[in-house]
Amino acid sequence: MTTRRQFLRNTGAFTATLTGGATLIAFAETQAKSDTGGRKTRWGLLIDVARCPDGCSTCVSACSEENGWGDTGNRLTDAQWIRKVMVTDPQSKLSRSLPVMCQHCAEPPCVDVCPTGASFKRADGIVLVDKHICIGCRYCMMACPYKARSFIHEPLQDQKSHAPRGKGTVESCTLCVHRVDLGRLPACVEACAAAGHDAMLFGDINDPESEISKRIAQHPVRKIRADLGTDPGVSYENL
Amino acid sequence: MKRTVYRELNLSPGLLLILGLLGLVVAAGLGAAWYMEYYGHVVTGMNNQIVWGLPHVFAIFLIVAASGVLNVASLASVFNRALYKPMARLSGLLAISLLAGGLAVLVLDLGRPDRLIVAMTHFNFKSIFAWNIFLYTGFFVIVAAYLFTQMGRGFGRFVRPAGWVAFVWRLALTTGTGSIFGWLVAREAYDAAIMAPLFIAMSLSFGLAVFILFTLRSCALSGREFGQDLLLRLGRLLGLFIAAVLYFTAVQHLTALYASEHRGVEGFLLFGDSIYTTMFWTGQVLIGGVVPLVLVTLPTHGVSRVAIKLASTLVIVGGFVQVYVIVIGGQVYPLALFPGMEVSSSFQDGVIAGYQPSLPEFLLGMGGVALALAIAVIGMKTLRFLPESLGDEAVDLQPEPRTGAVT
Ligand code: SF4
Ligand code: SF4
C-alpha cells in the first residue's frame, strides 16, 4: 500500500529529477532503507561478456537515445556515457568486446577530488554529477580510472527533460536513475534483453537474495582495475 | 646595516606604453575566455582525453612561480640574509601578482567560470582542489600582511614572524599544487609522492628566474642600478635551484621506471618518438636545465651579466616546457583499463591522444601573464616597492656563508 508520505516522496523525487537531478540524496537514503528493512541497497550491473557480441552496440544506442547525448560530428569532444571496448590479448590475439560505462564505484575517486561536492554518491550507490554545482573544472575526469566521464564542449539542443545536461559541466552514466527510482530497468539493460542478448543484469548487489548477487556468488567475476581499490558496482563475467 | 630607500616608479611615457601593451594582452585574454565560454570548449584543443590544456600549463606555471618568487623575501626575513632585505618587498608584490595571474587563467578556463561563487561556498574537504582554494586565498592575505609589516611604519618587529608564516604557507601551497597531480592514481604519469618536492624545487627555480629578469628590467627602465655582485649571487642561487630540479626530475623518472606499472608511460615520455620526448630532453633537460646551469657557473666576469640573464630566460622557457610535458604529456598516454591487454574503442581507449593548442587557449594564458605583470607594475608605480638603488654599494654584500640552508 502506498502511504500518503511515500506518494509525496515519490513525486518529490520525480520533480527533483525533472528540475535537474539536484538533490536526490535525501530521498534515496530513505528509499534505500525503507524498501529493504534497514539494509542499504546498492544498485549494480553484471555483464556477461560471453553474451555480448562483437559489433553489437544496442546498449550504446539505447543510452544515447534515452539520455539525449550522441554524435554531433565532433568525435573527440562528443560525450560518450557508455562505449564498447575491444580487449585483445596480445599473445593469443583473442578478442572480447564489452560495454564500459561509469562503474558506480563504492570508493569513487571522482567524488573524492571534486572541489565543490558536485560529484556525489547516492545512498543506493549511484554516482551522479549535480549539474547545478559542477563548475566544470574537470578534475573528476582526470581522476576517473575508467574514462567514464565526458565534458560538454558545445551548446546543447533538444535535451531530455529527465536527463538534464549543461554546457561546461561534466556528466556520465547515471545508471538511468530516473528510471531506477520509478522501479524500472536502465535503458541499456532493457535494450540488451530486447535484442535477445541478455548480457546485462541489473539489481541490488547488497541483497543476497537478488538474482545479480546470486550470479556473482556462483560465477567468477572480474571488476575492471580492481587493484585500484575503487570497488566498482559493475562486474564482468566470462572476461 | 645599510638603510634602503624605496621609491615609486615615475609615470614616464615608457611606463605608459608598457602598461598599455599589457592592457591589450589582458583584453585579448578576456576576449578569448569569453569566446571559449560562448561557443564551449569545442573551440579549444581540449577534448575528453586531454581535459586540461594549455591554459592549465600557464596557470600552473604562474602559481608555481608565485610561491617561488617569495623565496627572496624568505631569505631576508626567515634566514636573515641582509643581502636580500632590499628586495623583499618586491618579492612579495611579485608573488601576489603571479598568483593572481595564474588563478585568473585557471578560473576563466573552467567550464562554468560564472559559478566561481559556487566554488567559494561549496567545499568538499576531501578534495585537494578545495584545499588549494584555501591555500591560494590564504596566500594573498598572508603575503599582503607580510608586506604591510615591511612597509607600514612601526611594524618592524612583526616582519620576522610574518615572514615565517608566509614561508611555511608557500611550501604548503606548492605541495598542494603538486599534490593535485600526485593523487591521481588513475593516471600513471602522475601517481607519485615525488610530485610535491619536485614542484617545490620547480617553484624555487622558476620563481627566482622570474624575479631576476623582472627586477633587472624594472631597474633598467627606471634608471636604477643593479649591482654586478648582487646579480652573481642571485645567479649562483639559481644554479643551486636548477640542480635541485634536475635532481628531483631524475628521481621522479627513475622511480617510475623502476615500478613496472609505470614503465609504459615512462618509455613513452622518455624514449618515445612523440613531441613530448623531444620536449623533455631538449626543452626541459637541455634548455631548461643543463645549459642555464653551465651559464650561471661560468665564472668569467663581464659575460656573467648576459649569461645570468640568458640563464634565467632559459629556466623560464624550459620550466614552461616541463609543466607542459607533465600536464599534457601525462594525459595523452591512454589509461590502462586492462593492463597488459590491447584495447580499442570509439572513445580513444588504448591510443596516444593528440593535442593541438588553439589560439584562444594561448591568448588566455598570455592574458594571465600580462595581468600578473600589470599588477606588479601598477604596484611599483603606486607604492614604494623598488629600492632607489640595488647597486652593489647599496646592498649588504657580506661574504656568503658557505653552508646553511638557503631554501
Ligand atoms: S567510474 Fe569514474 S565516474 Fe564512475 S564512479 Fe568510478 S570514478 Fe566516478
Ligand atoms: S568538473 Fe564538476 S563534477 Fe567534476 S570535479 Fe569539477 S566540479 Fe566536480
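Helix H7 of chain B passes helix H8 of chain B in a right-handed crossing. A crossing is called right-handed if the near helix is turned clockwise from the far one by less than a right angle, and left-handed if anticlockwise. Helices here are DSSP runs of H or I with at least four residues, numbered from the N terminus.

Before I go on, the sources: this is a predicted model, where local features need pLDDT of at least 70, side-chain atom pairs count only at pLDDT 80 or more, and totals for chains, interfaces and linings use all residues. Residues are numbered from 1 along each chain as its sequence is written, chains are lettered from A and ligands numbered from 1 in the order in which they are written, and side-chain values use heavy atoms, with hydrogens and water left out.

Back to the first pair. H7(B) covers residues 159-182, and it packs against H8(B) at an angle of about 125°, the axes being 8 Å apart. Axes are lines fitted to C-alpha atoms, for helices over the stretch in contact, and angles run from 0 to 180 degrees between N-to-C directions. H7(B) and H8(B) are therefore oblique to each other. As for the classes, under 35 degrees is roughly parallel, over 145 roughly antiparallel, 65 to 115 roughly perpendicular, and the rest oblique. Residues in this contact include B:Arg170 and B:Phe181 of H7(B), and B:Phe199 and B:Ile200 of H8(B); contact means heavy atoms within 4.5 Å. They divide into seven nonpolar, seven polar and one charged. Ala, Val, Leu, Ile, Met, Phe, Trp, Tyr, Cys and Pro count as nonpolar, Asp, Glu, Lys and Arg as charged, and the others, Gly among them, as polar.

Next, H8(B), residues 195-221, and H9(B), residues 228-258. Their axes come within 9 Å and cross at roughly 155°, which makes H8(B) roughly antiparallel to H9(B). This crossing is left-handed. Among the residues making the contact are B:Leu208 and B:Ile212 of H8(B), with B:Phe241 and B:Val245 of H9(B). What is the division by type? The contact of H8(B) with H9(B) has 19 nonpolar residues, three polar and no charged.

H9(B) also packs against H10(B), residues 263-271, at about 135° with axes 8 Å apart, so H9(B) is oblique to H10(B). The crossing of H9(B) and H10(B) is left-handed.

Now the two chains. In chain B, 51 residues are in contact with 54 residues of chain A. The area buried between the chains is about 4,600 Å², and carbon and sulfur atoms give 58% of that. Buried area is the accessible area, with a 1.4 Å probe, that two parts lose on being put together, summed over both. B:Asn48, B:Phe338 and B:Phe347 supply 16% of the area that chain B buries against chain A, more than any other three residues.

Last, salt bridges: a side-chain nitrogen of Lys or Arg within 4 Å of a carboxyl oxygen of Asp or Glu. The count over all chains is 18, and four lie across the interface of chain B and chain A. B:Glu342 forms a salt bridge with A:Lys93, with the closest N and O atoms 3.9 Å apart. Within chain A, A:Glu66 pairs with A:Arg179 at 3.1 Å between the closest N and O atoms. That pair links distant parts of the chain, 113 residues apart: A:Glu66 is in helix H3 and A:Arg179 in helix H6 of chain A.

How values were computed. Helix = DSSP H or I, 4+ residues; strand = E, 2+ residues; numbered from the N terminus.
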